[in-house]
Amino acid sequence: MDKQAKLLSSKLLQKHRLVEVVLNRSVLAWEEAEEGRKRSNSGAAHSHTVQVCEIVAVRKTEDEDDAQKTRKSRKEADQLHPYAFTVSYVRRTRQHQWRCADVTFHCPSQELCEQWIRVTNEQLSLLTDRPKSLLVYINPYGGKRRGKRIYEQKVAPVFRRAGISADVIVTERANHARDHLKTEANLDKYDGVVCVGGDGMFSEILHGLASRTQTDHGVDQNQPDAELVPCSLRIGIIPAGSTDCICFATVGTNDPVTSALHIIVGDSQPMDVCSVHHNDSFLRFSVSLLGYGFYGDLLTDSERKRWLGPARYDLSGVKTFLSHNYYEGTVSFLPAEDNLGSPRDKLQCRSGCRICQHKPSSNDQHGEMSDEKEKSAKGCSSGWTTIHGKFIAINAASMSCACPRSPKGLSPSAHLADGTTDLILVRKCSRLDFFKHLLRHTNKDDQFDHSFVEVHRVRKFRFQPRHHELLSLEDLSEPVQKKAFSPICSAQTTCSYSAAHSSWTCDGEILPHAAIQVSVQCQLIRLFARGIEEQQQQQFVFEDPCTLWPLEQSTN
Ligand SMILES: Nc1ncnc2c1ncn2[C@@H]1O[C@H](COP(=O)(O)OP(=O)(O)OP(=O)(O)O)[C@@H](O)[C@H]1O
Ligand SMILES: CCCCCCCCCCCCC/C=C/[C@@H](O)[C@H](CO)NC(=O)CCCCC
Ligand SMILES: [Ca+2]
């Protein structure tokens, strides 16, 4: 099929200028017609192109405001073009933000106007990746408690314009969305699930959808080696939380309208999910940060300060930094040797990422090894690597974890969908050194370029706190009881403290066990996103802005 072949071509009026408008299978384009340019003595024609896949909707222009505006200032030529249609499309503005722009074309006859609407709609109906029906969950208490307003004022109008129907559930308690998805929701009715909230709310949606998928396929997710079935419904994230790192790292900005437009155009971004087990029982899934030590302590403290909103992280951050705790334990991991990238290669995961498209060899898919191979690997340490040490932080980042606080993230070169996680080990060091390491998360310097930091790209890892190594297997099945904090001032020049153990934060939730086994499930879910676009793909538009809507409101 020739994508360039013209489906329609007409001379129409746009803002009193006669323009040549062309539609083919991939593009809608318009530029001032030659006669118009001659008349107005303007030089070279400005041409405009919109990808058909980025058209939001086309409709007859019936809006009274539009009609009145044009009637008042009608010139002779306009009166010859009394019928109009409006195309709403995606316009890139700054820093990965998208807006919905409108352009209106006036036609000389009703037939021509209707033909344009019909043929454009026919092309849109061929875009089968676009969702028509969505199930939306809103957390009214996430972030600055603006989820409901953000959805109603910024997102619902764009969905309506695109002809998307949405069933909306405003959650009434924590885990409402998770439980509804797990057992009640009739998922056959929907083309996707939308989460309005932060990373914690996203985690609920992920758990509901992934667990439901395993149950429907008879897969027992308690088995650490079970091959999990990918979820068929995509998830859209409308950011309305405190960190929103999953949205930021998959879209490049935390902006509700941009996210809504990625949903409308039917984008699809596969994403790795870590499954976390304690012995043979499933604990949680993680897509962003699994952190022990610094981030575990920070999150534990910040949970008590939820009432402070996003500022709780700053306060708990300072407090945790000043405590300067370290923890002893053993980390074992299975390196992703066949992966194309490495954590320090400075290759960032971007839209259409080559590394995420590379499939690992069949016997290493999902990072799985046969039991025998794995056991022997552990025994002779050829596959698994074991490190014993005292750590200030152990972080596993399955994606960059970029967020407004740290625009390049915890692991700037981590990939969204390569089947690996970046395991970052920060050993005991002075407060000043740890501060320097943290500071590098906010600037261009390499946060891994310290003697006390190492980073490994892995498919699986385990952690055993030292405290537990002396216990029997039966004891290991008991939840870890947090010991009374009993600081021991170390003999170092700087004062560090060793409590018995920390907790793991798993995408912002605290895990009940310190001894965990983690396995990356390659591309278990898909988001309505496309990864961060390279800067040159952004269009910077300098001509007259067409109407951008919904009009900016101070809801964010
Ligand atoms: N109706 C509700 N009442 C109380 N808690 C809720 C409700 N709905 C969801 N939650 C819980 O609120 C927690 C926090 O929500 P959310 O992630 O949206 O915001 P946040 O914590 O401010 O942002 P972030 O996770 O990005 O830091 C989630 O763990 C979720 O389980
Ligand atoms: C001297 C200045 C030092 C500044 C250091 C900044 C380092 C920031 C790294 C931020 C990494 C965030 C990773 C995201 C994790 C989310 O799953 C989780 C839930 O939303 N949020 C946090 O853990 C919230 C984590 C908040 C950390 C402050
Ligand atoms: Ca990954």
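Ligand 2 lies between domain 2 (132-267) and domain 3 (274-353 + 376-471 + 489-522), because both give residues to the shell around the ligand; the domain bounds come from an automatic or database domain assignment. The model is predicted, so local features need pLDDT of at least 70 and side-chain atom pairs count only at pLDDT 80 or more, while totals for chains, interfaces and linings use all residues. Residues are numbered from 1 along each chain as its sequence is written, chains are lettered from A and ligands numbered from 1 in the order in which they are written, and side-chain values use heavy atoms, without hydrogens and water.

The shell holds 19 residues, and Asp-199, Thr-243, Ser-288, Leu-299 and Asp-507 come nearest to ligand 2 (a residue is near if one of its heavy atoms lies within 4 Å). By type, ten of the shell residues are nonpolar, six polar and three charged (Ala, Val, Leu, Ile, Met, Phe, Trp, Tyr, Cys and Pro count as nonpolar, Asp, Glu, Lys and Arg as charged, and the others, Gly among them, as polar). H14 supplies the largest share, three residues (helices are DSSP runs of H or I with at least four residues, numbered from the N terminus).

On its own, ligand 2 has 690 Å² of accessible area, of which the protein covers 87% (Shrake-Rupley method, 1.4 Å probe).

Terms used:
Helices (H or I, at least four residues) and strands (E, at least two) are DSSP runs, numbered from the N terminus.
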